[in-house]
Structures are given as C-alpha cells and as structure tokens.
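I set aside some time today for a helix packing and a few aromatic rings. Here are my notes, in the order I looked things up.

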Amino acid sequence: MGKEVLIVIDVQNAVMENTYQCEEKINNMNRAIHRAREKQIPVVYVQHEYPEGPMKRGAEGWQLHPDLEKPLEQDGVIFKSVPNAFVNTSLKKALDKAEADHLFICGAQTDYCVDSTSRGAFDHGYRVTLISDAHTTCSNEFLTAAQIIDHTQHTLTNFWSETAAIDLKSSHELGWERVK
C-alpha cells in the first residue's frame, strides 16, 4: 500500500494578490499542513517561477505568502514554470520515492495550477483529494472566484478511471487517522 502526500501549490505573494477569501483559505491550508505533519504525511510545496518579473526566483512576489506555514527541513520544495507541477520538475520522482498513491492538493490558483496539477496527478494514476476549502483564485471578466471554484470542483470530481479518481474533502474532514 502506498502513502498519502500533501501538495501545497503556489501560495506565493504575487499569486495570492486579490484572491477570494485569502485569509480563510490560507488558514485552511495551514490546518492541512499541521495535520499532515502531525500524522507524518509528507508535505511538498510547489512554487511557480519565471525568468523575469515579480515571479523571478527570490523576488518579493515569488516568496511564499507570509501567513502560510513555511516548509520545514523534511518537506519537499519543487519549482515549476508551467501550470502542471509534473511537467519538467522532479515531482513525480519525489512522489515515487515516497511510494505515494494518494495526493491531497491545496493552493492557488484554482483554475490554473491547482486544476492542471490535479489533472496531471490523475493522468499519472494517483488518487487525488482536492481540499475543497483550501484552494482559491481571483474573479475574472466571465466568472466570480466562487463560480470558478465550484465549476472546477464539479469538473474534477467527474474524472474517473479504474486506477484513479478525484474527490473533495474539506480541511476538517481529511481522515488522516492512522500514523504512517
């Protein structure tokens, strides 16, 4: 039997600007991080970066949001340059090393990197739990952030195969009862 891993996607200053319920969503992410660590479930942080601009590695916008629980020495940190955290990164290798088969995903932004990474995980055969109250985005000219979140959750939970699925759980109902 494999293991569970928590993935925290792009909770960075520039990404979190103007996001829906930012403080509440980060509090829920922190709840998941604390619970995962308590149960010895590996935590992997993902940070997006560009060669220039506010998302350049080291820039203020690239830094993790100050309210987010910071990575500890044992946590993984993956840097990416496209929405899907599996593309051109060491994420799959790290998950294989951890013998992961069930990924819990939270972070930002719902309609970009959270969605793309959830789909990538599904395509790699992982069981995925999207933490329903611990991901966020910004409104756009067509939809409010709440509508984007609802639509994304509805779409992703209709993905199914014989080897993978995507489901939803809130940060209060993760079910991490057994210690790894």
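Predicted model: local features only at pLDDT ≥ 70, side-chain atom pairs only at ≥ 80, totals over all residues.

I looked up helix α4 (residues 110-123) against helix α5 (residues 145-156) and found their axes 11 Å apart, at an angle of about 10°. That makes α4 roughly parallel to α5, since angles under 35 degrees count as such. From α4, I noted Thr110, Asp111, Asp115, Ser118 and Arg119 in the contact; α5 brings Ile148, Ile149, Thr152, Thr155 and Leu156. Sorting the residues of this contact gave me three nonpolar, four polar and three charged.

How many does a search of the whole structure find? It finds three.

Phe86 and Tyr126 are stacked, with 25° between the planes and 6.0 Å centre to centre. I placed Phe86 in the loop between β3 (76-80) and α3 (91-97), and Tyr126 in the loop between α4 and β5 (127-136); the two are 40 residues apart. Both Phe86 and Tyr126 are buried.

Phe122 and Phe159 have ring centres 5.4 Å apart and planes at 75°, so I logged this pair as edge-to-face. Phe122 belongs to helix α4 and Phe159 to the loop between α5 and β6 (165-169), so the pair ties together parts 37 residues apart in sequence. Buried or partly exposed, I wondered about Phe159? With a relative accessible area of 22%, Phe159 is partly exposed, whereas Phe122, at 13%, counts as buried.

I found the charged end of Arg57 over the ring of Phe79, 3.8 Å from the ring's centre.

Methods:
Residues numbered from 1 in each chain as written. Heavy atoms only, no water. Axes fitted to C-alpha atoms, helices over the stretch in contact; angles between N-to-C directions. Helix = DSSP H or I, 4+ residues; strand = E, 2+ residues; numbered from the N terminus. Parallel < 35°, antiparallel > 145°, perpendicular 65-115°, else oblique. Contact = heavy atoms within 4.5 Å. Nonpolar A, V, L, I, M, F, W, Y, C, P; charged D, E, K, R; others polar. Phe/Tyr/Trp six-rings, centres within 6.5 Å; stacked < 30°, edge-to-face > 60°. Buried < 20%, exposed > 50% of the residue type's maximum accessible area, 1.4 Å probe, protein only. Lys NZ or Arg CZ within 6 Å of the ring centre and 35° of its normal.
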